[in-house]
Amino acid sequence: MFHVLQVSTGYSDGTLEAAAITAAGGTHALVASQNAADIAAAGQDANGLLVTLTRVPAELIAAMPKLEVIVRAGIGVDNIDLAAAKQRGVRVYNLPHYCQDEVADHTVAMLMCLERKLYQQVQDIKRGEWNPARKYKPIGGMQGACVGFLGCGGIARRVAERLRPFGIRAVGYDPYLPAQVAAQAGITLMDRDDVIRQADFLSLHMPLTAETERMMNEETFAKMKEGAYLINSARAGLIDHDALYAAVKSGRLGGAALDVVDNDIEGAKRFADLENVLITPHTAYYSAQADVKIRSQAGDLFAAVIRGESPDSRIV
């Protein structure tokens, strides 16, 4: 019988996942520890491992002798040692369709806050200031603005579709996406540097890999339009945050909106003196609907594996 061990991080009590897994003929258990040794001890008979944010290093994979499948309840898989999983023959799946609408909505909201300079205006009002519009110049308006996407997966395409009624021009870089698929969302594909140079708003939607780590750095920021804005609702590691701080502080960039930063609140503190940097605490993924979907989708994916099916979200 296929046994699934779910690592609980407080996001789920496991009931929805267990219902789908047991209905398919499997068994389910929870372990409430992020410690690799505790997970390994609880997972000696586990064929499947379900994780959300928990790191799955090579040592943990090696310490679970019956492990066949790892499911990441989310999109990014940078918390899993994929090379070790592949070497061991362990299949890794993610939930690529989870929270796409939520992250797209959040990205658009952050972009609009930057464009209208709402954050600065709200802060001024809270300080008792009622300033004329000229203090917030320039506000260019969305009509004709160029929004660039690095990575044009489902989230980026949803962002482009939401922004289309504003009259924006959308350009993007994605070496894996057919041009006709991007065009359906109104995105014109081009070289990465061309996207970076043309964008008034540059939105990041790439996974964190060895190739993309710190891809936004001093050299990249120097290529961006003066006064352009950066939006990141993907992974913190895509950005050199010291270089971003310098680019915004100097006025090279008009500002930034970040849902993810290195070291969470400690990393966010470095931007405390910049009112044109908007930071949210990694909440882009969340809605009440998404909270249910992630659990049911994870359970359904394991149920499909137990039935001998081959889900299309396999990573390795």
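Y245 counts as partly exposed, at 23% relative accessibility. Its ring partner in this predicted model is F271, and the two form a tilted aromatic pair.

**Aromatic pairs**

- The structure has four aromatic pairs, and the one between Y245 and F271 sits at 6.0 Å centre to centre with 50° between the planes.
- Y245 is in helix α11 (residues 241–249) while F271 is in the loop between α12 (264–268) and β12, so this pair ties together parts that are 26 residues apart in sequence.
- F271 is buried, because its relative accessible area is 3% and the cut-off for buried is under 20%.
- Y285 and Y286 make an edge-to-face pair, with 6.3 Å between centres and 80° between planes.
- Y285 is partly exposed at 23% relative accessibility, and Y286 is partly exposed as well, with a relative accessible area of 46%.

**Nonpolar cores**

- As general background, nonpolar side chains tend to be buried together in soluble globular proteins.
- Here, the largest nonpolar core counts 46 residues, and L111, F149, L163, I187, F201 and F302 have the most contacts inside it.
- At least two residues of this core come from each of β4 (69–72), α5 (100–116), β6 (146–150), α7 (154–163), β10 (229–232) and α13 (288–306).
- Helix α5 gives the largest share of that core, with seven residues.
- Take L163 as an example: setting aside neighbours within four places in sequence, L163 touches V108, L111, M142, V147 and I168.

**The cavity**

- One cavity of 30 Å³ or more turns up in the structure, and the volume of the largest cavity is about 50 Å³.
- Its lining is made up of C113, L114, K117, Y119, Q120, Y229, G254, E275, N276, V277 and L278.
- α5, α6 (118–126) and β12 (277–279) each put at least two residues into the lining of the largest cavity.
- Sorted by class, that lining has six nonpolar, three polar and two charged residues.

- The largest share of the pocket lining comes from α12, which supplies three residues.
- The class breakdown for the lining of this pocket is nine nonpolar, four polar and seven charged residues.

- Most residues other than glycine have a negative phi, and most peptide bonds are trans.
- K137 and P138 are joined by a cis peptide bond, with omega about -5°, and P138 is in the loop between α6 and β6.
- C99 is not a glycine, yet its phi is positive, near 60°.
- You'll find C99 in the loop between β5 (91–93) and α5, where C99 is buried with a relative accessible area of 8%.
- R214 isn't a glycine either, and its phi is positive at about 55°.
- R214 sits in the loop between β9 (201–204) and α10 (218–223), and R214 is partly exposed, with a relative accessible area of 32%.

Notes. Residues numbered from 1 in each chain as written. Predicted model: local features only at pLDDT ≥ 70, side-chain atom pairs only at ≥ 80, totals over all residues. Heavy atoms only, no water. Core = buried A, V, L, I, M, F, W, Y, C linked by side-chain atoms within 4.5 Å. Buried < 20%, exposed > 50% of the residue type's maximum accessible area, 1.4 Å probe, protein only. Helix = DSSP H or I, 4+ residues; strand = E, 2+ residues; numbered from the N terminus. Contact = heavy atoms within 4.5 Å. 1 Å grid on protein atoms, 1.4 Å probe; cavity = no way out; pocket = protein on both sides within 12 Å on 5 of 7 lines; lining within 4 Å. Points joined across faces, edges and corners; volume = space filled by probe spheres on them. Nonpolar A, V, L, I, M, F, W, Y, C, P; charged D, E, K, R; others polar. Phe/Tyr/Trp six-rings, centres within 6.5 Å; stacked < 30°, edge-to-face > 60°.
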